Structure formats: structure tokens, C-alpha cells
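This briefing is for a reader who is new to the structure. Look at the sequence and the model first, then read the notes grouped by topic below.

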Amino acid sequence: MTATAAPQHRFEISREQLATLLGDQPSYRVDQVWKGFYEQFRSVDELTNLSKGLRAELEEQLTDSLELVTASVSENGDTTKFLWRLHDGATIETVLMLYPDRATVCISTQAGCAMACQFCATGQAGFDRHLGVGEVVEQVIKAARVAAEGPTPRRISNIVFMGMGEPLANYDTTWATAQRLHADVGISARHLTISTVGIIPGIRRLAAEPLPVNLAVSLHAANDELRDELVPINKRYPLADLAEALHGYLAVKNRRLSFEWAMIDGVNDRDSDAAELAEYARSLRAHINLIPLNPTPGYPTVGSTMKRVREFRQLLEDFGANATIRQNRGTDIDAACGQLRNVYQRPKDRRIGERIPEATRVAVDLARKRSDSLPE
Ligand code: SAH
């Protein structure tokens, strides 16, 4: 093996870098290690087809980047939320959602977020830093392992870039992650969804990429006055410019666009909001996902009632747009963006630093017991 100067994150390095690292080993070793990581979700010490000595050497060179702080499981066991600590102490969240025949992982691309959307817990907490590709890919691998080893094993079929952070503000990491997940984990591009507040340069770059991933735009308001308030980046990338960029994306990608709309009582759930949204969505043939707002400590307004959500959906249909009501997953475990982290960062609840050695084991055990590991 060729020792490098400093250890690197296991999922950060490329296959070529792994080959260089393995140096004098036969080339099939590269394949064994790579598949062990990306397809079998193994840790270095579980690569039992390698000699003990080689495993020990690899272990020194390749480190994990995510340390589990806690995994909390929803009442019915179908949603697991992980809170990870990174090497510099920053914390991020990942959510695993199990469905009868498949599983979705919601991943973070930044620690914190600079977009400052009013109603979003991550936005309220501010920006720490960008994540590297190794830190994003590892979220999927660790969640995939939990899904594979849970009581009813599932394969990860879908990835949504809807965790913490703004994926298109960390474009290179986001795109490198999409490529890895596609090429090495084997997730089809059609099952990858990148969600954005509407960073126009990022949308343009995405349009030029070869993989046809899905694009979701967090709209929340379809007039500039309200959107400037709820989603402040709208001041830089207003709705008309956003529509133009989205038309460009549609023209080359031919994938269905979707709009996210968190329904906020009395703020964006009026009849006039439905009319504006329907018009905007129709012009882009976009599908609308209505999500009842998850309450956050930093935003006084509450979510629309379910009755109003249903009425709003009907209005959209009447205006000729397509909309689906999305159920909030894991509200009982603070699975809304940034919430679990906020709970853990309140000093009285601080558990960061409490080291849990085998992250995935713990999460699986938790999933089995369905124990509630969150503080009151
Ligand atoms: N920055 C990206 C991805 C992260 S947020 C984006 O904005 O799309 C993922 C989704 O959750 C976004 O649609 C966001 O607006 C929504 N969201 C954030 N806080 C929420 C809350 N309190 N209730 C409901 N949805 C929320």
C-alpha cells in the first residue's frame, strides 16, 4: 500500500485515488474494496476478503466522517432520523423513510443553511459550512445499511436532497454526490431529486449535466412580495427569472418539475395564493406538493388545518394545476428540517460528545426497539 500524508474520508476519495492508495496490490483489490464500501455498505474491518494486515493499513488511511450522535425512530418505526457529528464538531441530519416496497433517504448537503427561509428550522439556525462529497455519500451508505439490516430489509430506491442546506449553493459536492450514487451505489437518475430554493445559476448548470435528475423547487409563494419575505433569496432570483431558468431546464431535460409549498395558516393558503400558484405551475407543467407546515420555534405562524389543505388542493385542481398532499413524516421525532439538531444544541440537552461507537448497530437496535431516544 502507498501511504498518504494524512488519512482521508472513506467516501471522499475517487476510485483512482483508492487504486493509488492500494498501490502494489493486485487491481482486483480496488474492486473488492470499492464494492465493499458502495454496494455492501461494509466498514474497513468488515472487508474480510482482505488480509488482516491490509485492513489495518486501510483503516489508518481511510476514516469515517460521520459519528452518530443519536438516531430516533418514529412511533410506527417507518422513519428514522439520524443526527451526525462531523470531524470539526458541526452536526447534520439524515432521514431514512421506509415504504412497503422501497426506501428513501433524505440527505443534507451543508451544515446549516444560509438561505434564511423564515419558517425553516435550519434557516433559523444559520450557516456553518459546506459538506464534502464524502460526508454526503456516507449519509446514504449508513442509512442504506440500517435499511438493509432492519426488521424488514429494504433497498434504497430514492434519494432526495432535501435535508439541511441548499444543494445548489454547494453545487460541486451535490453533483459529485449524484454521480457517485448513480454510478457506484446504482440508484437511477430518475430516482434522485434535487430540491432548491431557486438558485438560478445552479439550475442552469444542472440543465447542462448529462444525468436527468428530478428537480424540486421550494416555492412557498407565487408573488414576489410574499416570497421575498418567506424565501429571501427571491430578492436576488425573483419569480419571473426563476420561471425562465426552469423553462430552460424543462426544454433540455424533459423531466417533470415539482414545487414544494409548505402551507402556512393565513399566509400562503388564501384563495389568491392558490390562483397565483396554479398559474405559475401551469406555465411550467409543474406538479405541486402541499406540505402542512411543521411548527418551528423561531416562526410564530402555524400550519394550515387539514381541512384548508384539502380545500386548497381542490382550488388548485379547479384552476387547472396538479397537486398532491404530502404527509409529514416523523413529526413526532422532530424530523422537520433542522429540528432534531436544534433540540440537541440546547445546552441542557446537549449530548454531543457522547460517543456511540458503532453507529449503524445502534440505529438498527433502536429501530428494533422503537425506543424514543430524544430528550423530553
Ligand atoms: N434548501 C433546499 C432543500 C432543503 S429544505 C430547498 O429549500 O428546497 C427541504 C424542504 O423542506 C423545502 O421545500 C423546505 O422549504 C421545506 N421546509 C423547511 N422547513 C419546513 C417546515 N417547517 N415545514 C414544512 N416544510 C419545511
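Arg15, Leu18, Ala19 and Leu22 of helix H1 are in contact with Arg29, Val30, Val33 and Trp34 of helix H2; two residues are in contact if their C-beta atoms, placed from the backbone, lie within 7 Å. This is a predicted model, in which local features need pLDDT of at least 70 and side-chain atom pairs count only at pLDDT 80 or more, while totals for chains, interfaces and linings use all residues. Residues are numbered from 1 along each chain as its sequence is written. Helices (H or I, at least four residues) and strands (E, at least two) are DSSP runs, numbered from the N terminus.

**Overall**

- The protein has 13 helices and 14 strands.
- Of its 376 residues, 45% count as buried. A residue is buried if 20 or more other C-beta atoms lie within 10 Å of its own, exposed if 12 or fewer, and partly exposed in between, with C-beta atoms placed from the backbone.
- Among contacts between residues at least 6 apart in sequence, 68% join residues at least 24 apart.

**Helices H1 and H2**

- Two packed helices are described by the angle between their axes and the distance between the axes. Axes are lines fitted to C-alpha atoms, for helices over the stretch in contact, and angles run from 0 to 180 degrees between N-to-C directions.
- H1 (residues 15–22) packs on H2 at an angle of about 125°, and their axes are 10 Å apart. That angle makes H1 oblique to H2. Angles under 35 degrees count as roughly parallel, over 145 as roughly antiparallel, 65 to 115 as roughly perpendicular and the rest as oblique.
- The crossing of H1 past H2 is right-handed. A crossing is left-handed if the near helix is turned anticlockwise from the far one by less than a right angle, and right-handed if clockwise.
- The contact of H1 with H2 involves 6 nonpolar, no polar and 2 charged residues. Ala, Val, Leu, Ile, Met, Phe, Trp, Tyr, Cys and Pro count as nonpolar, Asp, Glu, Lys and Arg as charged, and the others, Gly among them, as polar.

**Helices H5 and H6**

- H5 (residues 133–149) and H6 (residues 171–185) pack at about 45°, with axes 9 Å apart. H5 is therefore oblique to H6.
- H5 passes H6 in a right-handed crossing.
- From H5, Val133, Val136, Val137 and Val140 meet Thr173, Ala176, Thr177, Arg180, Leu181 and Val185 of H6. These residues divide into 7 nonpolar, 2 polar and 1 charged.

**Helices H10 and H11**

- The axes of H10 (residues 271–283) and H11 (residues 306–318) come within 9 Å and cross at roughly 45°. The two helices are therefore oblique to each other.
- H10 and H11 also make a right-handed crossing.
- H10 contributes Asp271, Ala274, Leu277 and Ala278 to the contact, and H11 contributes Phe312, Leu315 and Leu316. Of these residues, 6 are nonpolar, none is polar and 1 is charged.

**Around the ligand**

- Of the 18 residues around the ligand, Cys120, Ser195, Ser218, Glu260 and Asn294 come nearest. A residue is near a molecule or strand if its C-beta atom, placed from the backbone, lies within 6 Å of it.
- Strands E10 (192–196) and E12 (257–263) each supply at least two residues of this shell.
- The shell divides into 11 nonpolar, 5 polar and 2 charged residues.

**Residues in loops**

- Arg10 lies in the loop between strand E1 (8–9) and H1. Arg10 counts as buried because 22 C-beta neighbours lie inside 10 Å.
- Not counting residues up to four places away in sequence, Arg10 touches Phe37, Leu62, Thr63, Asp64 and Gly134. The C-alpha atoms of Arg10 and Thr63 are separated by 5.4 Å, although the two are 53 residues apart along the chain.
- Val267, in the loop between E12 and H10, is buried, with 21 other C-beta atoms within 10 Å. Val267 and Ala221 are 46 residues apart in sequence and 9.1 Å apart in space, C-alpha to C-alpha.

**Positive phi**

- Most residues other than glycine have a negative phi.
- Phe41, in the loop between H2 (28–38) and helix H3 (52–61), has a positive phi near 55°. Phe41 is buried, with 21 C-beta neighbours inside 10 Å.
- Asn254 has a positive phi of about 55° and lies in the loop between helix H9 (239–253) and E12. Asn254 is exposed, with 8 other C-beta atoms within 10 Å.
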